[in-house]
Amino acid sequence: NDDQRAAEVIRRLRSLLKKSKPEMEPLDINTLISDTVVLIATDAAIRNDVLKIELESNLPFVHGDRIQLQQVLLNLISNSFDALESSQEEREIVICTSRKDTDTIIVTVKDSGCGIPEQNIPKLFTRFFTSKPDGLGMGLSISRSIVESHGGRLDVKNNPDRGVTFYFTI
């Protein structure tokens, strides 16, 4: 199942990069998040990171491409894993859903990591910008494109205490 899911992720990512239409269908965003967390729970445990989900109930279905939205979540969570790597304090990632208005849902991925230098925030979603020694600088750019192709917006803010919150609407 994991092999088939990975092949489907790659196929749809190629489709996105070719500017093909996403495979839109009605989705329960909470189920999509829960399924995505299951995919990376072992990775979180190995890293000693705590993954929490706080999902608002009774949210409307969203119209979206399941694999592409999972790709966005996996990218954001993976970036949080990296941000927690050097943290000596509690290593926590919290994924939340909430209703922005009648038809719009907000998804947040908040970590307790190192945060993002203020001077990097304006460049963060630019293609090929990376602060990681082994990064390609494509993940956040692709994630923003995916969210925008779903009619939403992906953004980021440093938390007042420590860490960062990525959030998107759909």
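## Close-up views of a predicted model

**View 1. Thr31 and the chain as a whole.** Thr31 is found in helix α2, where helices (H or I, at least four residues) and strands (E, at least two) are DSSP runs numbered from the N terminus. This is a predicted model, in which local features need pLDDT of at least 70 and side-chain atom pairs count only at pLDDT 80 or more, while totals for chains, interfaces and linings use all residues. Residues are numbered from 1 along each chain as its sequence is written, and side-chain values use heavy atoms, with hydrogens and water left out. Thr31 has a relative accessible area of 37% and is therefore partly exposed; buried means under 20% relative accessible area, exposed over 50%, and partly exposed in between (1.4 Å probe, protein chains only). Thr31 lies 24 residues from Leu55 in sequence, with a C-alpha to C-alpha separation of 9.5 Å. The chain contains 4 helices and 7 strands, arranged along the sequence as α-β-α-β-β-α-β-β-α-β-β. Of its 170 residues, 44% are buried.

View 2. Strands β6 and β7 (residues 164-169) run antiparallel and are joined by 5 bridges. Leu154 has Phe168 in β7 as its bridge partner.

**View 3. The crossing of α3 and α4.** The axes of α3 (residues 66-84) and α4 (residues 139-149) come within 9 Å and cross at roughly 145°. On the α3 side, the contact is made by Gln68, Leu69, Gln71, Val72, Asn75, Leu76 and Asn79. The α4 side contributes Gly139, Leu140, Ser143, Ile146, Val147 and Ser149. The contact residues comprise 6 nonpolar, 7 polar and no charged; Ala, Val, Leu, Ile, Met, Phe, Trp, Tyr, Cys and Pro count as nonpolar, Asp, Glu, Lys and Arg as charged, and the others, Gly among them, as polar. Buried residues of α4 include Leu140, Ser143, Ile146 and Val147. Just after α4, Gly151 adopts a positive phi of about 80°.

**View 4. The largest nonpolar core around Phe168.** The largest nonpolar core has 35 residues, of which Leu76, Val156, Phe166 and Phe168 touch the most other members. Such a core is a set of buried Ala, Val, Leu, Ile, Met, Phe, Trp, Tyr and Cys residues joined through side-chain atoms within 4.5 Å. At least two residues of this core come from each of α2 (29-47), α3, β4, β5, α4, β6 and β7, and α3 gives the most, with 7 residues. Beyond its neighbours within four places in sequence, Phe168 is in contact with Val72, Leu73, Leu76, Ile105, Ile106, Val107, Val147, Arg153 and Leu154.

Notes: Axes fitted to C-alpha atoms, helices over the stretch in contact; angles between N-to-C directions. Contact = heavy atoms within 4.5 Å. Pairing = 2+ DSSP bridges.
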